[in-house]
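Subject: Structure handover and findings

Dear colleague,

Please find the structure below, followed by an account of what was found in it. I would be grateful if you could read the two together.

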Amino acid sequence: MMHTYKPDQVATCLNHSRILYIGDSIARQQFFSFAKLIHPDIETDGEKHIDRKYEFTEEGLIFEFWWDPYLNDTRTTQFFQQPGSIDDIRPSLLVVGAGSWHMRYLEETNYMDQWQTSIDKVLDAVQLSSRLADAVIMSPMEIPQFDQLNPNRSATITPEKVKAMNDYLASQRSNIENAHTPFAIPFVWNKIISSSINVTQDGLHYDPIVTNAQVQLALNYRCNDVRPKHFPYDTTCCFHYPKPRWYQNIFFILFLILVPIGFYICDRLSRLVPSEKVLNALFIFGLGVIYMYFGDRTQLFGKIHKHYDSTTFTFLMTIFVVMAGLVTLQSNKKEGVDLGFLNRDQTDEWKGWMQVIILIYHFVGASGTSGIYNAVRILVAAYLFQTGYGHFFFFYKKADFGLARVLNVMVRLNFLTFVLQYLMDTDYLSYYFTPLVSFWFGIIYLTMYIGHSNNNNVKFMSAKIAIAAMVTTALINTPGVMEFVFDILRLLFNIQWNAQEWRFRLSLDGLIVYVGMISAFAYIKCVELKWMDHVSFGKIKKGVLISSAICLMWYFYFELTRENKFVYNHAQPYISWIPILAFVFLRNATVRLRNTSSRFFIFIGKISLETFIGQFHMWLAGDTKGLLVVIPNSAWVARSSIGWYTNLMVSTLLFVFVCYYISQTTGELTRWICTDLLMGTQQQRSHGNSREYQAVPLLPTSSTSPSSAPQSVIETTTTTGNNNTLEEQSQVKGKVNDNGDTNVVNVDEIEDDTGIPTAPSLGYRILSDPRFKVIVFLVGVGLLNRIS
């Protein structure tokens with residue numbers, strides 16, 4: 001993956017110094033392209049076979065071209081034999097190119113010998129002196145378009161001569177490994193020529209479209225490895241990744257050394273080491289995230305640019321969305337059983353097909369196509385609609401506002417992202433989906449918690465939702481508020497977040513969460529008041545379905561006719577609810593329709609969080625800017641459609657495989673963190689006996705059978721021998737007896753050395769309080785950010 005350099009970046013990279021080209025007319029054409037990159041209007045007409053010099057005072061750059069097609073002028077010879085004797089300013093970049101005149105004007109018997117002598121002079125200087133230049137590029141013999149050469153040139157410039165010269169350069173390249181000066185022979189320049197059509201007028205000198213690409217490659221070689229190395233790592237050409245930082249090494253030590261050791265000592269030190277089940281989850285999770293590290297933070301795997309192609313996008317959508325969805329359709333076989341409105345299978349399926357579309361959209365780089373971008377924005381809004389709908393349903397029906405629920409949801413949502421932001425040395429907000437749903441969960445929780453004893457009052461609940469919508473909208477869109485908060489975070493915890501980017505993310509879907517909450521509330525009241533049994537319900541339903549179909553068609557007409565995606569973004573917050581509600585009504589039009597779902601999409605939906613986050617580093621690459629190449633031949637993948645699709649197939653299988661196991665292990669680790677570490681409740685070391693809260697609707701259920709609606713939308717509860725909630729369990733301390741079972745003892749009756757129950761000290765109560773542990777964790781994260 002290359003970086004496209006702008007004039008200011010060139011000046012900074014080259015230390016505002018000197019660029020020197022030496023050679024023939026081919027080198028001169030590249031020199032002109034380089035100079036025009038800095039100032040497009042410079043004069044290049046006039047005498048051809050002369051030296052050229054341009055001084056760009058504003059950028060502090062000096063561009064020089066020495067006309068020396070044979071590399072044998074006195075000045076050139078002295079420059080290579082005594083570097084620094086010609087000019088005190090050492091070139092930041094030296095490019096040498098010659099050979100066409102040797103073939104064209106020298107005799108057949110000695111053109112090769114004289115050319116080799118000139119080349120050896122350059123190679124000797126590179127090997128012996130560090131004062132020659134900061135970096136040297138020896139141009140390979142350029143491959144002409146032989147069929148377009150004039151008769152005089154075609155008689156002497158032949159494919160055999162060009163091949164012989166390039167073979168010699170290739171043979172000498174291996175001898176320059178320990179050179180005092182960085183040195184390269186970019187044979188890829190000829191690959192650019194071979195993949196281009198109609199880019200030369202005379203067969204020998206190529207148009208700027210070729211020479212500009214050659215100049216950019218030269219800059220990538222010279223500059224990429226000396227640019228500041230930090231996230232995002234979207235340039236991989238001529239680049240060495242930085243060595244892992246100390247906190248990244250901690251993850252390697254934990255997952256690859258400490259956890260395996262834990263398997264051998266967990267039975268002996270059961271109170272200090274997690275259970276084997278937890279260790280197994282840690283080890284598998286660690287392998288998954290380390291695979292991401294090696295994929296996107298090392299040169300072990302290749303990376304290539306995305307190139308949008310409408311045919312490829314359509315083909316992938318047909319295969320993975322239409323065909324895979326239809327082939328795996330399955331209906332509930334039980335007679336008279338209705339899974340219910342927005343049942344669990346349906347919401348998982350909904351998340352699944354949306355996630356597949358989003359993944360394909362990212363993989364092919366379709367964000368520049370407005371019609372596709374606009375529709376994908378609705379898919380993100382639909383996730384947030386489910387967030388509002390599902391969490392409202394839970395808090396309204398269960399009235400569970402305890403710390404355990406909050407911790408389980410927040411840890412489950414953020415655990416993978418939290419690890420990756422340190423292991424991959426990225427930014428939390430760059431994984432925008434996780435902070436987005438975490439923020440809105442917090443808003444939903446506060447909205448439902450305030451005055452929750454009156455939540456069944458329609459007027460009170462409606463007023464709460466309206467006030468919450470107005471307050472959050474004002475806080476998000478008022479200039480200075482978010483900047484102030486982020487400045488405090490930067491000052492206290494060294495958290496470098498972009499307030500403008502985050503405001504854009506929040507405001508784009510700032511109202512759809514409340515539409516989800518209102519929809520859930522309306523559905524609950526419809527059920528409570530038995531509106532579906534009303535004699536007019538059938539007519540109302542028919543009218544709603546017809547209106548939904550019309551609204552859906554109107555939306556696609558609207559989004560496709562916007563001038564560009566930036567214009568559409570202004571309308572997104574106010575219209576996103578229209579296609580979402582239209583889809584919901586149409587999807588639940590009949591009992592058979594809502595009881596039928598795609599197994600493939602349900603599977604993807606259950607790991608949608610992991611696939612959304614995991615794609616950043618093990619399906620895409622360069623922090624989403626490119627594609628990961630998991631098969632050895634990166635050039636074959638880049639040049640061949642067969643190679644591209646082969647890599648897509650292999651990388652997709654690996655991607656889904658890893659995401660599935662990360663999803664499974666993250667669920668287990670969430671239970672361990674929230675139950676054992678934070679809530680202070682020890683589970684049985686083999687199975688665990690805590691109640692499991694799911695961060696529905698964004699996270700997979702652990703249930704294997706569908707439950708009745710509407711609870712299927714909001715929660716899955718797994719009980720194995722203990723009906724206490726986590727809040728209740730937080731008041732007990734587990735002691736494992738000889739049979740491996742957990743005896744429950746009240747923390748207010750902890751035994752001392754004499755066996756007499758005693759009340760715990762105030763310090764013990766504070767230290768064991770989960771709120772205190774959360775505060776300590778947050779402070780620790782802030783300190784980690786400060787010292788890293």
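**Cavities and pockets**

The largest cavity has a volume of about 80 Å³. The model is predicted: local features need pLDDT of at least 70, side-chain atom pairs count only at pLDDT 80 or more, and totals for chains, interfaces and linings use all residues. Residues are numbered from 1 along each chain as its sequence is written, and side-chain values use heavy atoms, with hydrogens and water left out.

On a 1 Å grid over the protein atoms alone, a cavity is a set of points where a 1.4 Å probe fits but cannot get out, whereas a pocket is an open set with protein on both sides within 12 Å along at least five of seven lines; lining residues have an atom within 4 Å of a point. Grid points are joined across faces, edges and corners, and a volume is the space filled by probe spheres set on the points. By this rule there are 3 cavities of 30 Å³ or more.

The lining of the largest cavity is formed by Asp24, Ile26, Ala27, Gln30, Gly97, Ala98, Gly99, Ser100, Ser139, Pro140, Met141 and Glu142. Helix H2 (residues 25-38) gives the most to this lining, with 3 residues; helices (H or I, at least four residues) and strands (E, at least two) are DSSP runs, numbered from the N terminus. By class, the lining of the largest cavity has 5 nonpolar, 5 polar and 2 charged residues, where Ala, Val, Leu, Ile, Met, Phe, Trp, Tyr, Cys and Pro count as nonpolar, Asp, Glu, Lys and Arg as charged, and the others, Gly among them, as polar.

The second largest pocket has a volume of about 1700 Å³. Its lining comprises 41 residues, of which Met2, Val188, Ile304, Ala635 and Ala638 lie nearest its centre. At least two lining residues each come from helix H8 (188-194), helix H9 (208-223), strand E7 (302-305), helix H27 (634-639) and helix H28 (641-678). The largest share, 6 residues, belongs to H9. The lining of the second largest pocket divides into 24 nonpolar, 12 polar and 5 charged residues.

**Disulfide and cysteines**

The structure holds 1 disulfide, defined as a pair of cysteine sulfur atoms within 2.5 Å. This disulfide joins Cys13 to Cys223, with an S to S distance of 1.7 Å. The pair links distant parts of the chain, since Cys13 is in helix H1 (residues 7-13) and Cys223 in helix H9, 210 residues apart. The torsion about the S-S bond of Cys13 and Cys223 is about -95°, so the disulfide is left-handed.

Cys13 and Cys223 are both buried; buried means under 20% relative accessible area, exposed over 50%, and partly exposed in between (1.4 Å probe, protein chains only). Cys659 counts as buried because its relative accessibility is 0%, and Cys674 is likewise buried, with a relative accessible area of 0%.

**Sheets**

An open sheet is formed by 6 strands in the order E2-E3-E1-E4-E5-E6, with mixed pairing. Its edge strands are strand E2 (52-56) and strand E6 (183-184), each of which pairs on one side only. Two strands pair if DSSP finds at least two bridges between them. Within this sheet order, strand E4 (residues 93-97) and strand E5 (residues 136-138) pair in the parallel sense over 3 bridges, and Val95 stands opposite Ile137 in E5.

Elsewhere, E7 pairs with strand E11 (residues 626-629) in the antiparallel sense over 4 bridges, with Lys303 opposite Leu628 in E11. Strand E10 (residues 620-621) also pairs with E11 in the antiparallel sense, over 2 bridges, and Ala621 stands opposite Gly626. E10 and E11 form a hairpin with 4 residues between them, and Gly622 in the turn has a positive phi of about 60°.

**Two residues and the chain overall**

Thr426 is placed in the loop between helix H15 (403-423) and helix H16 (433-449), and counts as buried because its relative accessibility is 14%. Thr426 and Phe231 are 195 residues apart in sequence and 5.6 Å apart in space, C-alpha to C-alpha.

Trp353 lies in helix H13 (residues 344-364). Leaving aside neighbours within four places in sequence, Trp353 is in contact (heavy atoms within 4.5 Å) with Leu379, Phe583 and Phe601.

The protein chain has 32 helices and 15 strands, and of its 788 residues 51% count as buried.

Yours sincerely
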